[in-house]
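Here is a friendly walk through one protein model, from its overall build down to individual side-chain pairs. Have the structure open beside you as you read.

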Amino acid sequence: MGQKVSRNDFEWVYTEEPHASRRKIILEKYPQIKKLFGHDPNFKWIAGAMVLTQILALFIVKDLSWPWLLVLAYCFGGILNHSLMLAVHEISHNLAFGHSRPMHNRILGFICNLPIGLPMSISFKKYHLEHHRYQGDEVIDTDIPTLLEARLFDTTFGKFLWVCLQPFFYIFRPLVINPKPPTRLEIINTIIQLTFNAAVVYFIGWKAMAYLVFGSILAMGLHPVAGHFISEHYMFAKGFETYSYYGPLNWITFNVGYHNEHHDFPAVPGSRLPEVKRIAKEFYDTMPQHTSWTRVLYDFVMDPSVGPYARVKRRQRGLAS
């Protein structure tokens, strides 16, 4: 478990991120993809049903023993909460109500955020859109591990710990490498979330609140659905910085596995990304892809050629190289 990774630095490149140029080429060949742009009218009902399911589950878990509560949080509640995080991801692109109704999207984001337990809807949007626009940027793209993470977790056991601690890195990394002052909507998001949390504790109890928060944290770490965090942009094949996964877990994650398609066409809702792949299959079938998020987690931990260093990075524009 002490084997060190074979890399000692990130994969530095001096080319632009690949998605904008590929988008242009694909649209020139298949202009009909533009018809897939826009919001998904069914999305709000699916996301709302998941929120309601989690709220109803609170009345079941409040009387469970702690071991059974943790099992249910890992096997059920955490999966729903992770799906709601990916619902927030869809909402960050205004794919719930469209670009013409931004506040409708934000309000639904507040609602989807409630069972997650931690206020993240507005903050996620603020950083995620920069991840799309400046993919790989050494400062702006906070999806990339810090140099400290890569150096500290550079063994097999270290990578295992890093995977388990992923939720904390995702929460605190942006605050360290690219801090931004809180916005009015972030403050509103926090107030709404804390009010909901207080209501859950007051009316249902601490176990119910623990079920929500523990589920969110567990399902962001060593959990099959959390495999997408690593599968999306960690370099498993040299020269490729984004990877898709077309397996069954897409059914509960709004097709986030179609990640090359998503970065190429962020204006297409997750429900229509399989159609993008079908239309432009010669572009996507030839790229390296993952077949299992669980296998991704295993390979990340056990393969010495993969680890926190296995990310494509670009110098921030204006900085000396």
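Helices (H or I, at least four residues) and strands (E, at least two) are DSSP runs here, numbered from the N terminus. With that in hand, take residues 211-230: this span is 60% helix and 0% strand, and its end C-alpha atoms lie 25 Å apart.

## Ground rules

This is a predicted model, in which local features need pLDDT of at least 70 and side-chain atom pairs count only at pLDDT 80 or more, while totals for chains, interfaces and linings use all residues. Residues are numbered from 1 along each chain as its sequence is written, and side-chain values use heavy atoms, with hydrogens and water left out.

## Overall build

The protein has 15 helices and 4 strands. Its radius of gyration (taken over C-alpha atoms) is 20 Å, close to the 20 Å that the globule rule (2.2 Å times the number of residues to the power 0.38) gives for 321 residues, so the protein is as compact as a globular protein of that length. Along its principal axes, the C-alpha trace spans about 55 × 50 × 40 Å.

Of the 321 residues, 52% count as buried; buried means under 20% relative accessible area, exposed over 50%, and partly exposed in between (1.4 Å probe, protein chains only). Among contacts (heavy atoms within 4.5 Å) with a separation of 6 or more, 78% come from residues 24 or more positions apart.

## Annotated spans

The unreviewed UniProt entry places the feature "transmembrane region" at residues 43-61, 67-87, 157-175, 187-205 and 211-230. These positions follow the numbering used here, feature names are shortened, and annotations may be inferred rather than shown by experiment. Over one of these spans, 187-205, the chain is 89% helix and 0% strand, with end C-alpha atoms 25 Å apart.

## Nonpolar cores

A nonpolar core is a set of buried Ala, Val, Leu, Ile, Met, Phe, Trp, Tyr and Cys residues joined through side-chain atoms within 4.5 Å. The largest one has 24 residues, and F43, L108 and C112 have the most contacts inside it. The elements giving two or more residues to this core are α2 (43-61), α3 (66-92) and α4 (102-113), and α3 gives the most, with 7 residues. Apart from this core lies another, of 16 residues, including F153, F169, Y234 and V306.

How exposed is C112? C112 counts as buried because its relative accessibility is 0%. As for F43, leaving aside neighbours within four places in sequence, this residue is in contact with A87, E90, I91, A96, L108 and F254.

## Salt bridges and cysteines

The structure holds 15 salt bridges, each a side-chain nitrogen of Lys or Arg within 4 Å of a carboxyl oxygen of Asp or Glu. E130 pairs with K180, the closest N and O atoms being 3.0 Å apart. E130 lies in helix α5 (residues 121-133) and K180 in the loop between α8 (166-177) and α9 (184-203), so the pair ties together parts that are 50 residues apart in sequence. E130 is buried at 15% relative accessibility, while K180 is partly exposed at 27%.

E138 and R315 also meet in a salt bridge (3.6 Å, N to O). This pair links distant parts of the chain, 177 residues apart: E138 is in the loop between α5 and α6 (147-152), and R315 in the segment after β4 (312-313). Elsewhere, salt bridges that share partners join R7, E11 and K238 into one network.

Disulfides (pairs of cysteine sulfur atoms within 2.5 Å) number 0. For C75, the nearest cysteine sulfur is that of C164, 16 Å away.
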